[in-house]
Amino acid sequence: MSMRELAVLGTASQAPTRYRNHNGYLLRWDDEVLLFDPGEGSQRQMLHTGISATDLTRICVTHFHGDHCLGLPGMIQRLSLDRVPHPVTVHFPAGGAEYFARLRHASSFYETAELRVEPIDADGQRITLGIGTLEARRLRHPIETYGYRLVEPDGCRMLPEKLSAYGIAGPAVGELQRVGHLDLDGRRVTRDEVSVTRPGQRFAFVMDTGLCDGVYALAELADLLVIESTFLDSEAALAAEVGHLTAAQAARVAAESGVQTLLLTHFSQRYADPRRFADEAREHFDGDLIVAEDLMTVPVPPRRVASAG
């Protein structure tokens, strides 16, 4: 895998099928490897991705319905079996702490891995990472549920034509980037005068939920939005009743939120043909659209290009 990619371990909702494993998503983002919602079979699915338990740095659970968390016992025990040499942080809804404790110690094993337990107990909670900020937002589901998004800080892109106009070249460019200004012939040139903002990349993960403010907050300007689309629009009433989204709703969220790439997943076993999700979503979203399949790998799209203003 390259430095920023998503590996899909499973795409089924509630129950696995012959072709779809329970949920599971691995995000490699520079030095961090985040595992989202490990359902049953996630440990085995990881064998096909080239990512091992030793690579994991963080586990994020949206809620404690079985298809999103029953892979935790095996995954946690595997960390100790492989003697992972670094701490692994686990995030989950604070209200489900008892479920997490049961899953963590579901059977006897010798615990050697260092697990750092950091529950999510507030809408909008932010965790500062070396690669950016991980933010959790409350979703609308029958039990306490949070979605996550990873936001890289904005950077800057130097403009060669403006650097040239000021006669700035070589090591002076690096100094300007580090310090924020240069003094040239009695005039101060600031970094802002010769650069434009380079937006940081954004990844969003939205699982079981009905439409709510949290969905839009997570999806805003995401370069890659991974979002549940359990049902088709023909079952919109059922989706609303049980706290889920349709493919059409997910696509409208993506369109209204400025998403670059939309990845639909978490499909009800009632649908045999995944093309129906693509057809429905395409009516509302004209960006890059992916209907997730087990064991596919999806690169995080390149950063958005900022205009020179």
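The questions and answers below go through the helix, its neighbours and the sheet.

Analyst: This is a predicted model, in which local features need pLDDT of at least 70, side-chain atom pairs count only at pLDDT 80 or more, and totals for chains, interfaces and linings use all residues. Residues are numbered from 1 along each chain as its sequence is written, and side-chain values use heavy atoms, with hydrogens and water left out.

User: How many of the residues of helix α8 are buried?

Analyst: Helices (H or I, at least four residues) and strands (E, at least two) are DSSP runs, numbered from the N terminus, and buried means under 20% relative accessible area, with exposed over 50% and partly exposed in between (1.4 Å probe, protein chains only). The buried residues of α8 are A247, A248, Q249, A250, A251, V253, A254 and S257. Helix α8 (residues 247–257) is therefore largely enclosed by the rest of the structure, the buried count being 8 of the 11 residues.

User: Which elements do the buried residues of α8 pack against?

Analyst: Contact here means heavy atoms within 4.5 Å. The helix α8 lies across β15 and β16, and the elements against which its buried residues pack are α6 (213–219), β15 (224–228), β16 (261–265) and α9 (275–282).

User: At what angle do α8 and α9 pack, and which class of residue is in their contact?

Analyst: Axes are lines fitted to C-alpha atoms, for helices over the stretch in contact, and angles run from 0 to 180 degrees between N-to-C directions. The contact is made by A247, A248 and A251 of α8 together with F277, E280 and A281 of α9. By class (Ala, Val, Leu, Ile, Met, Phe, Trp, Tyr, Cys and Pro count as nonpolar, Asp, Glu, Lys and Arg as charged, and the others, Gly among them, as polar), the contact has 5 nonpolar, no polar and 1 charged residues.

User: Which strands stand at the edges of the sheet?

Analyst: Two strands pair if DSSP finds at least two bridges between them, and 7 strands form an open, mixed sheet in the order β7-β8-β9-β14-β15-β16-β17. Each edge strand has a single partner, so one side of each is left without a neighbour in the sheet; these strands are β7 (126–129) and β17 (288–291).

User: Which residue in β9 is the bridge partner of E135?

Analyst: Strands β8 (residues 132–138) and β9 (residues 146–151) run antiparallel and are joined by 6 bridges. The partner of E135 in β9 is R149.
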